[in-house]
There are 4 protein chains.
Amino acid sequence: MKIGFIGLGNMGAPMAHNLVKAGHALTAYDVSAEAMQTLAAAGAKTAPSPKAAAQDADFVITMLPAAAHVKAVLTGEEGIFAATAKKNVTIIDSSTIDPASVKAFAELANQNGNAFVDAPVSGGTGGAAAGTLTFMVGGSKEAYEHVKPVLSAMGKNIVHCGDTSTGQVAKICNNLVLGITMAGVSEAMALGEALGIDPAVLGGIINTSTGRCWSSDTYNPFPGVIEMAPSTRGYTGGFGTDLMLKDLGLATDAAKHARQPVYLGALAQQLYQTMSTKGAGRLDFSAVIKLYRKEGNT
Amino acid sequence: MKIGFIGLGNMGAPMAHNLVKAGHALTAYDVSAEAMQTLAAAGAKTAPSPKAAAQDADFVITMLPAAAHVKAVLTGEEGIFAATAKKNVTIIDSSTIDPASVKAFAELANQNGNAFVDAPVSGGTGGAAAGTLTFMVGGSKEAYEHVKPVLSAMGKNIVHCGDTSTGQVAKICNNLVLGITMAGVSEAMALGEALGIDPAVLGGIINTSTGRCWSSDTYNPFPGVIEMAPSTRGYTGGFGTDLMLKDLGLATDAAKHARQPVYLGALAQQLYQTMSTKGAGRLDFSAVIKLYRKEGNT
Amino acid sequence: MKIGFIGLGNMGAPMAHNLVKAGHALTAYDVSAEAMQTLAAAGAKTAPSPKAAAQDADFVITMLPAAAHVKAVLTGEEGIFAATAKKNVTIIDSSTIDPASVKAFAELANQNGNAFVDAPVSGGTGGAAAGTLTFMVGGSKEAYEHVKPVLSAMGKNIVHCGDTSTGQVAKICNNLVLGITMAGVSEAMALGEALGIDPAVLGGIINTSTGRCWSSDTYNPFPGVIEMAPSTRGYTGGFGTDLMLKDLGLATDAAKHARQPVYLGALAQQLYQTMSTKGAGRLDFSAVIKLYRKEGNT
Amino acid sequence: MKIGFIGLGNMGAPMAHNLVKAGHALTAYDVSAEAMQTLAAAGAKTAPSPKAAAQDADFVITMLPAAAHVKAVLTGEEGIFAATAKKNVTIIDSSTIDPASVKAFAELANQNGNAFVDAPVSGGTGGAAAGTLTFMVGGSKEAYEHVKPVLSAMGKNIVHCGDTSTGQVAKICNNLVLGITMAGVSEAMALGEALGIDPAVLGGIINTSTGRCWSSDTYNPFPGVIEMAPSTRGYTGGFGTDLMLKDLGLATDAAKHARQPVYLGALAQQLYQTMSTKGAGRLDFSAVIKLYRKEGNT
């Protein structure tokens, strides 16, 4: 397939790499010339603009920080739409953005004679490198079937979530639960410590009981409970506090527009926000436990 | 073994039953004569007071609603201590109460020449009937080994949590996480519904992703996502909202005394409290999702 | 003075009226022809577009629902900037919008050769009609002195808050406190009721003690405590729940961008959101007390 | 009048002093011999026990840290009841304790042939020394009239709140509002600072607008806004964080027993709790603003 790829950051670069390895004809664009050179060395073409990257493509994939970037890349003078008008190109946006923007972009794409699918990912930079990402796809059944072979070169699970924007909804709702459970496990572990139970014992009990959750059994915020978790290596690596903040911001924003209350999500957002305010935004989000522990200077 | 058993409620009755079935010589006391008769029919002796039930016992097990009841049953004129002085009896309290009271009771028991072990349970009335409860035991290693054979007649997992009161700490901290995750999953599922994703699809994604937790994959609060969950049968049966409130009350109280913040736990407590205020205290605690759904009249 | 006025809603219409009464030459625009006719009957000219209303004006005042409207009215093809280029017109925006948008609009205005001042108001529709509004003005000292005579025709207190956007900051921060205190007074009054104190007595004590606040002594949410408050007339009139939601949304959004935690503000937002979700968005915001009272069906 | 007085702490000592100055015959008891000597030097008698202090008294006043102390002083072997049986003595408890305990104590007093009135105070150590305290009195109209002359020697406002325990309800509900407004003003002031408005200007606007409250106009947490506030002298003096925590604990506990939600109160409690956990429990409670400010190391 001929694929245009816009956005070669921490996630986009390894994703593009895997597409090249799978034999697709890739033309890439990024604001960083260096990022483009690295990918060119792996066999991709590069382009001077999103428009140029999208020229002659069957699919265009965007992997960008926020909705504003996606909008600029789609509708700018040197943007994707300028190249794809009436060509029935399928645009796949793998950025994590708000569902309302997705709907607006999809409508613009349709007016331009293109298809638009939202396909945010989970799995982190590790999954992007290994090609084991999960893609949460929003679009018609046909659109899903159409993009599945392309996404399969970058991921292991390609899940159809429903119509346009439901891929983003799935991602946002999952990360809402994640942000809450991590803070919840943090306060329970810190409380247990203060009340005198061995954190490893407490972790073991929770993990085999009704408190069981990924934030406890795979990513426990208390140092030493789970050997492979960021908490055990000083909260480095992993999923940064500022990224969790971005996703909780998307969740509470979407809730605001849908007039839905999100009590715990809004409160969890403030906890991560406090971490960020005090300078810990780049630590793994499980460092939120520092707000609770006596020794946890933030 | 000769066992005294005080408290034949929804949990205590089937537990006592299983001890009788295992061949122990049981003498039981309860404020309800009817509860005693039912157990007598199964082969237990009954007694007119906690003191009488504890006479000649090697172990005394208490299963009561709150710390005040445990205190009365231990220290009252017709209480356990009146029968067990200097007899080296082991008292096992399986009630769910606050860790500070446990420490006080253990000290009183020691002064009376008895051992005291806290051993709260999880598994509900189903686990009590089936003899598959989990016991979380707080006490010395020796005390744990001593009570294990007795508890094994009533439960499948007998976990040593550490010194006196850590059994309660484990239970309280686990249920703190549980109360938070259930409310968190509720707000995510309700948000997803409002944003247009199929709840079954959203549940499936969360359950295979980082939001995975018991409150979602086993007990999902959205009707129809998990067939066996109370949400699918009108929030009947299961673990009542008022019971969750009791446990969150123990957690926030213990936190207050330990000077530990419990942000999400305190907020979750208010959500279940609202349910109770509005008359829904006897519904399963997963009914908290009604606070979030447009159609959820509480 | 020659004044263009854009936005003749519940607030804008009486404000424009007062400018006419004060003898200013007003040219008004609104999407509603009816609103323009009413004002024309009072002596104003009307215009077919913002551009036409701004033609030849010394000042242009905008009073609109949200930042998106202000942007459209400023930068649209038939917008204000199209008429005011290089004319050194002073644009006064009295809408309540986010500080970041204000800064962006001010920069655009400067590039267009105009001055831009943010001047949101407090005092409600009553104050707008009576000409007793408070204006919170953001801009240079000179800009403040320049707009003061114009604003004085519509308001009683014209407060200089500091540089561009600080008018909005003042309004947002004040309403953040307001949203929190109203919910706080609601939970205290409902708790007092449940604990058996006469609400009027409790109100009296709070109002002469350290809990004293506008939400209690002027606008108490418990019916009957303050005769003139909306609570005493079924929560009609006053400041709608959905308007409070808008302002708390601006506050939490601004906090998100400034990386500041707003714990109570975010939680209060969820409470008003719950009211709105359940269909009570048009009641006065003090109806939030219904979430707390046993009899308060929402 | 002959008055027994139990509890000569920071509040009790100056209160007892004022009773002596007013000409009452005072017999005092405290666990601290030093506190008794100081009072004796001012003209009071001292006693070796609460019982001895209550002997021959018309009124007995208690001013103690918590309900457990009041209970011990009333019902202990050397307690008040041992001296006052069937003597129609009026016991006035000015401690701040939970309403449920008050009701229990009042019933015990009645059974002992005594009257019992709850009369917690506001006004702090300054008001205690100056004799300008506010007393919130719970009891019958007759009981209120009976104690008023005695309380008038120590306070300026003697308010009848209703039946037994409503004095405590009034105090608890007022301080619930206080704890919430202080945290609310803190987050608004910190947000304003981060968004670039001069805190003194912001304080001035809030104090003349709908956000107006004691926590802002008299006790503003931002240093320098109110010259006489503890914030301006390093958060020393004033009302300690741990005391606010005690009162919020009483409020959330009373709410739990009454099955009333207290969303903002429970959250505010966690904020002050975080301050205490991190070692700031003895600072004035307005130091909670440090949780919000970038420079606020706690």
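This note goes through how the chains of a predicted model are related and how they touch one another.

1. The same surface serves both copies, since 100% of the contact residues of chain D recur in chain C.

2. Chain C is superposed on chain B by a rotation of 180° with 0.0 Å of shift along its axis, here with an RMSD of 0.1 Å. For this pair too, the same surface serves both copies, and 100% of the contact residues of chain C recur in chain B.

3. Returning to chains C and D, the contact takes 57 residues from chain D and 57 residues from chain C. The area buried between these two chains is about 4,800 Å², and carbon and sulfur atoms give 69% of it. Leu195(D), Thr210(D) and Leu264(D) supply 14% of the area that chain D buries against chain C, which is more than any other three residues supply.

4. Polar links also cross this interface, where the rule finds 23 residue pairs in polar contact and two salt bridges. One salt bridge joins the side chains of Arg212(C) and Asp217(D), at 3.1 Å from N to O. Several elements of chain D each supply at least two residues of the side that touches chain C, among them β9 (155-162), α10 (199-207) and α12 (241-258), but α9(D) gives the most, with 20 residues. Sorted by class, this side of chain D has 37 nonpolar, 15 polar and five charged residues.

5. The side chain of Gln270(D) reaches the backbone nitrogen of Val262(B) at 2.6 Å. Leaving aside its neighbours within four places in sequence, Gln270(D) is in contact with Gln260(B), Pro261(B), Val262(B), Tyr263(B) and Ala266(B).

6. Over all chains, the count comes to 20 salt bridges. Within chain A, the side chains of Glu193(A) and Arg293(A) meet in a salt bridge at 2.9 Å, N to O. This pair links distant parts of the chain, with Glu193(A) in helix α9 and Arg293(A) in the segment after α13, 100 residues apart. Glu193(A) is partly exposed, with a relative accessible area of 28%, whereas Arg293(A) counts as buried at 11% relative accessibility.

7. Other salt bridges cross between chains. The side chains of Asp242(A) and Arg259(C) meet at 3.9 Å, N to O, and the pair runs from helix α12 of chain A to the loop between α12 and α13 of chain C. Asp242(B) forms a salt bridge with Arg259(D), the closest N and O atoms being 3.8 Å apart. Asp242(B) lies in helix α12 of chain B and Arg259(D) in the loop between α12 and α13 of chain D, so this pair joins two chains. Asp242(B) is partly exposed at 26% relative accessible area, and Arg259(D) is partly exposed at 33%.

Notes. Residues numbered from 1 in each chain as written. Chains lettered and ligands numbered in written order. Predicted model: local features only at pLDDT ≥ 70, side-chain atom pairs only at ≥ 80, totals over all residues. Heavy atoms only, no water. Contact = heavy atoms within 4.5 Å. Buried area = accessible area lost by both parts, 1.4 Å probe. Salt bridge = Lys/Arg side-chain N within 4 Å of Asp/Glu carboxyl O. Polar contact = N/O pair within 3.5 Å; in protein donor to acceptor, adjacent residues only side chain to side chain. Helix = DSSP H or I, 4+ residues; strand = E, 2+ residues; numbered from the N terminus. Nonpolar A, V, L, I, M, F, W, Y, C, P; charged D, E, K, R; others polar. Least-squares fit on C-alpha atoms with pLDDT ≥ 70 in both. Buried < 20%, exposed > 50% of the residue type's maximum accessible area, 1.4 Å probe, protein only.
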